[in-house]
Amino acid sequence: MSASPKPGSKPAVPLSERLWRALAWLEQRMNVTELFSFLTHFGVIYTPIDTQRPLREVLREIGSKPVVSYARWPHILGLLTAILFALQAISGTLLAFYYHPTATMAYESTRTIVRDVPLGWLVHQVHAWGSSLLMAVVFVRIVRLFWDGLYRAPREVLWFSGVMLGYLVIQIDFTGRLLPWDIHSYWAAIRGLEVISTVPVVGPVLAFVVGGKTLSQDSLPRFYVLHSLVLPGLYLAMVWVTFASMRRVGLSRTDEAPPATTTFRKHLADLAIIMLLLFAGLVTLATLFPFHFHGAADPYATPKGVQPPWYMLALYAVDQVPVPGWIPGLLALIVCLAIPFLPAILKRTGGRFDERRVRIAGVAVFAVWVVLSVIGVIVERS
Amino acid sequence: MAETETTPAGGPPAGSHGDRRDFLKWLSAGFLGLWAVGGAGALAAYLSPPKEAESSDNVVRVGRLADLHVGVAQLIRHGVKPFFVLRTDATNVVAMSAVCTHMRCILNYDRERKGLVCPCHDGRFDLNGNPLSGPPRRALPTYEVSVRAGEVFVRV
Amino acid sequence: MSGRPTPFARRAAVLGALALGLALAAAAVRSAPAPADAPGEEMLTAASGRCGVCHPRDRVAFEKSPHATEGLHCTSCHGGNDQTDKASTAHSGASWRGRLTKPEIPKLCGSCHSNPKLMQPYDLPVDQYALYQTSVHGQRLAKGDTRVAVCSDCHGPHEILAPNDPASSVYVTNIPRTCGRCHGDSALVKAEGIRDTYHAYLTSVHAKQLFDAGNLSAPTCVSCHGVHGATPPEGGDVNKVCGRCHTAERRYFLAGPHASGMSRGGLAECSSCHGDHAIQASVTGNLAADCVECHDKNSAEAKLGDRLLADYRGASEEIEQASKWVDRADAVPIETDDFRARVQEARTYLREAMTAAHSVRPDIMGSFTVRARSTGAEVTEEIQKELGNIRTNKLALIVFWFYVLVTVGILRRFRNARPQGR
């Protein structure tokens with residue numbers, strides 16, 4: 001808010017000018033623009049920035065140029081992925097202030113957060129709902145990238161990082177589920193670990209990393225570290241790769257028309273409105289439909305109705321077929337490896353698959369996966 | 001919401017209703033500022049640790065009188081308020097805080113001198129909680145002891 | 001070394017080894033000593049000689065007891081000759097005693113069982129006969145009354161087993177029945193002018209603990225009355241035994257006014273309120289009801305009893321209310337394990353309050369009911385706060401959305417405002 005000085009008054013230095021002068025003072029001592037450009041790596045602004053120019057100039061330029069408006073479908077999917085992740089990071093950090101990652105204290109500390117800490121219930125539910133929304137958004141984004149054929153050159157890296165984000169989100173969800181150490185999450189984690197262990201090579205390695213197939217005292221801290229440090233770190237790395245690629249190949253366009261642009265002011269306002277409505281939506285879900293957790297985990301009592309997490313049900317269903325366990329695991333591994341490398345596979349087939357055929361194949365694979373998951377549910381129930 | 005270039009549908013042209021615009025600007029700024037205030041307040045509320053549940057009536061049952069020997073002090077580890085229970089003779093039992101009033105170290109009982117001594121800076125207290133020597137300036141809180149049917153109760 | 005063994009040689013070697021193994025096993029089995037037989041109907045030991053030819057049942061019973069294996073014979077107690085099966089020869093001789101009479105039995109048993117040298121190797125006590133002579137049974141026997149119990153009435157005449165043998169008539173769960181053979185026989189009881197204490201005992205909570213719950217520490221007749229020196233209680237002496245198990249109750253009782261008052265009045269301490277043989281589990285309502293057994297209805301003591309009961313009931317209601325609120329919280333659901341633990345703690349305090357009630361002092365009992373009450377009240381309050389919070393949150397959501405929409409409006413104004421010249 002730069003108000004011009006009123007006529008007749010002493011020339012007072014407005015606050016904004018003071019701030020710019022302070023910034024100039026700092027810029028003589030360190031490269032502030034470089035620090036600012038750090039934001040571009042994570043997509044807050046993804047136009048390239050010349051880090052040798054003073055920050056004020058850079059900001060002025062950013063503010064005056066038209067911005068490709070990505071706060072709209074379909075690019076909003078990517079935007080939401082980033083915003084939701086930031087929300088999860090913030091709510092997760094706040095939860096970590098009170099959470100004790102040991103088997104004896106995990107449940108109690110979670111219960112303290114939910115029941116006794118002021119607004120703790122809100123932080124916890126925002127984190128829980130946020131994770132579901134994040135998974136949904138990442139998944140929808142992958143589907144949309146697939147449907148619009150946006151895995152073809154030169155967007156292979158974007159496709160790869162998008163799929164990797166999906167895998168990472170699943171792993172973050174799996175490691176995070178166990179943390180409340182309540183009776184359902186404990187046993188669901190054990191079931192999940194069983195399912196994972198059937199995958200050859202990768203399975204036993206993962207089971208080793210998390211401390212073994214049976215959940216012991218030492219497993220929980222490992223899950224915690226994976227969930228809060230390692231996997232989010234990898235996720236951020238993938239986000240960084242996404243934006244690095246985006247800077248090179250640009251936002252996707254499904255037609256030949258020039259991209260819609262908007263002013264920086266409008267874009268900023270759009271972002272703020274989206275974030276606000278997203279936050280409000282999460283708060284609503286948190287208040288009206290809270291997740292509940294039941295009783296502390298008991299390693300000696302398995303409750304009824306324990307299932308592996310929903311994304312593992314398909315593999316679980318295939319595991320029920322009476323063949324040696326590594327066969328369905330190997331199939332799953334092949335499929336999971338094939339998806340991010342889809343462009344390479346398509347190249348190998350030498351263009352026999354046109355867009356329509358690929359779409360049909362993709363829908364078929366998805367349908368198979370859904371059917372297997374449903375079978376998994378039915379097998380569990382019986 | 002995310003429109004491309006449109007005709008600005010914003011406020012009236014500059015100059016005609018300047019005061020109203022300014023007022024609205026201040027109001028908007030204030031409203032948005034409320035988010036900051038609310039957020040800071042919520043954060044502060046969240047980060048302040050929840051009160052520890054106080055035990056009912058704050059009366060702690062220490063044990064049987066017969067198990068307390070004369071001249072021996074027992075340290076009772078009662079939450080954040082540990083205290084000593086000391087039987088001075090056949091019929092008298094005293095209780096006082098075990099937390100030094102200097103830097104909150106936990107005191108030890110000195111049998112020979114019949115007092116409490118702090119291992120951190122050698123502060124000393126007598127059996128009434130009065131500081132005798134060393135850095136502590138404030139007396140130790142003493143607690144009411146009642147003996148009923150052979151059981152010792154202390155009100156902290 | 002001549003080359004590899006032929007297939008035939010290999011087969012022969014295997015068969016030979018098998019045969020050798022079997023032969024060795026057979027020899028081992030045959031030469032193994034026969035396992036010691038438990039005394040059974042088939043055995044004929046040296047202890048009974050040939051008496052069992054005519055007295056098979058008695059022989060079998062005798063040979064089940066340790067007496068048979070420790071060098072006693074039928075002739076040790078009955079005399080006579082046990083090497084012949086001719087009745088006339090067997091039932092004769094200088095040592096012949098025949099069927100023993102009641103007055104003879106205690107002295108005869110005592111002739112061994114009061115001898116320290118004889119009993120020392122078995123580490124058995126030697127005071128039974130002496131104690132027996134102090135008991136009512138022994139005293140009446142000395143006066144010539146044979147309608148009393150002697151050694152064989154309780155221990156059995158022939159099948160005398162150690163008290164820790166579950167088949168023994170003096171095993172802990174069998175003692176009531178053994179005593180009850182006389183003390184529960186309605187004709188005998190009426191004739192002797194004593195009470196049927198056996199059937200009364202069977203209705204008691206002690207009997208239920210012993211028989212239904214299998215609690216072998218539960219008291220039987222001998223726990224309170226003594227074993228060989230059994231004497232009915234005088235002036236409440238037996239009641240001192242109650243405190244050996246019910247220690248806390250006795251401690252509180254001694255701290256109250258009843259202890260000195262009842263001893264002065266020669267009243268039985270525990271059984272005045274709880275009964276003696278047909279003791280039932282305590283009912284809280286009796287806390288006030290029993291006072292009027294001794295105290296006047298309008299006396300201060302009776303009013304004290306009412307006050308104690310009211311105190312207890314108040315605390316109990318507080319706990320029940322808390323428990324209901326915990327159930328309501330579960331239905332929401334709110335996590336309630338620690339609430340349940342506190343309600344359990346409160347119930348424990350309440351249970352202790354009943355024990356402390358034996359002091360009939362409101363300050364002592366009150367220290368427990370107060371804690372029970374306050375714990376229950378705290379739990380109720382905290383759960384109500386939780387439920388209230390949930391309601392408040394939903395209302396706050398509406399205010400929040402209003403706030404959000406206004407902010408969106410402001411942001412839109414900002415968005416669509418023409419930027420002032422930069």
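**Exercise 1. Chain C**

Take the contacts in chain C between residues at least 6 apart in sequence, and find what percentage of them join residues at least 24 apart.

*Solution.* Let's start with the contacts.
- In chain C, 54% of the contacts between residues at least 6 apart join residues at least 24 apart.
- Keep in mind that this is a predicted model.
- As for secondary structure, chain C has 23 helices and zero strands.
- Of its 422 residues, 25% count as buried.
- Now the confidence: chain C has a mean pLDDT of 84, and 90% of its residues reach 70 or more.
- Where pLDDT is low, predicted coordinates should not be read in detail.
- For the model as a whole, the scores are ipTM 0.79 and pTM 0.67.

**Exercise 2. Chain A at a glance**

Describe chain A by its helices and strands, its buried residues and its contacts.

- Chain A has 15 helices and two strands.
- It contains 382 residues, and buried ones make up 33% of them.
- Of the chain A contacts between residues at least 6 apart in sequence, 73% join residues at least 24 apart.

**Exercise 3. Helix α4 of chain A and its partners**

Work out how α4(A) is oriented, parallel or antiparallel, against α6(A) and against α10(A).

*Solution.* Two packed helices are described by the angle between their axes and the distance between the axes. Let's apply that to each pair.
- α4 spans residues 76-96 of chain A and α6 spans residues 120-147; their axes come within 9 Å and cross at roughly 155 degrees.
- Angles over 145 degrees count as roughly antiparallel, so α4(A) and α6(A) are roughly antiparallel to each other.
- The crossing of α4(A) past α6(A) is left-handed.
- Sorted by class, this α4(A)–α6(A) contact has 14 nonpolar, nine polar and two charged residues.
- Next comes α10, residues 219-249 of chain A: its axis and that of α4(A) come within 12 Å and cross at roughly 160 degrees.
- The cut-off of 145 degrees applies again, so α4(A) and α10(A) are roughly antiparallel.
- Here, too, α4(A) passes α10(A) in a left-handed crossing.
- On the α4(A) side we find A:A82, A:F85, A:A89, A:G92 and A:A96, which meet A:S228, A:P232, A:Y235 and A:V239 in α10(A).
- By class, the α4(A)–α10(A) contact divides into seven nonpolar, two polar and no charged residues.

**Exercise 4. Backbone details in loops of chain A**

Locate the cis peptide bonds at A:P74 and A:P154, then examine the positive phi values of A:L119 and A:V201.

*Solution.* Go through the residues one by one.
- The bond from A:W73 to A:P74 is cis, with omega near 5 degrees. A:P74 sits in the loop between β1 (67-68) and α4 of chain A.
- A:P74 has 17 C-beta neighbours inside 10 Å and therefore counts as partly exposed.
- Although A:P74 and A:R144 are 70 residues apart along the chain, their C-alpha atoms are separated by 8.0 Å.
- The bond from A:A153 to A:P154 is cis as well, with omega near -5 degrees; A:P154 belongs to the loop between α6 and α7 (156-178) of chain A.
- A:L119, in the loop between α5 and α6 of chain A, has phi near 65 degrees, a positive value in a residue other than glycine.
- With 17 C-beta neighbours inside 10 Å, A:L119 counts as partly exposed.
- A:V201 is not a glycine either, yet has a positive phi of about 65 degrees; its place is the loop between α8 and α9 of chain A.
- A:V201 has 11 other C-beta atoms within 10 Å, so this residue is exposed.

**Exercise 5. Helices α8 and α9 of chain A**

Characterise the contact between α8(A) and α9(A) by its crossing and its residue classes.

*Solution.* Geometry comes before composition.
- The axes of α8 (residues 183-197) and α9 (residues 202-209) of chain A come within 7 Å and cross at roughly 140 degrees.
- A:L193, A:I196 and A:S197 of α8(A) make the contact with A:G203, A:P204, A:L206 and A:A207 of α9(A).
- These residues divide into five nonpolar, two polar and no charged.

**Exercise 6. Where chain A touches chain B**

Find how many residues of chain A are in contact with chain B and which elements of chain A give two or more of them.

*Solution.* Count, then assign.
- 17 residues of chain A are in contact with nine residues of chain B.
- The elements of chain A giving two or more residues are α5 (106-116), α6, β2 (261-262) and α11 (264-288).
- By class, the chain A side has nine nonpolar, five polar and three charged residues.

Terms used:
Residues numbered from 1 in each chain as written. Chains lettered and ligands numbered in written order. Predicted model: local features only at pLDDT ≥ 70, side-chain atom pairs only at ≥ 80, totals over all residues. Axes fitted to C-alpha atoms, helices over the stretch in contact; angles between N-to-C directions. Helix = DSSP H or I, 4+ residues; strand = E, 2+ residues; numbered from the N terminus. Parallel < 35°, antiparallel > 145°, perpendicular 65-115°, else oblique. Left-handed = near helix turned anticlockwise from the far one by under 90°. Nonpolar A, V, L, I, M, F, W, Y, C, P; charged D, E, K, R; others polar. pLDDT = per-residue confidence, 0-100. Buried ≥ 20, exposed ≤ 12 C-beta atoms within 10 Å, placed from the backbone. Contact = placed C-beta atoms within 7 Å.
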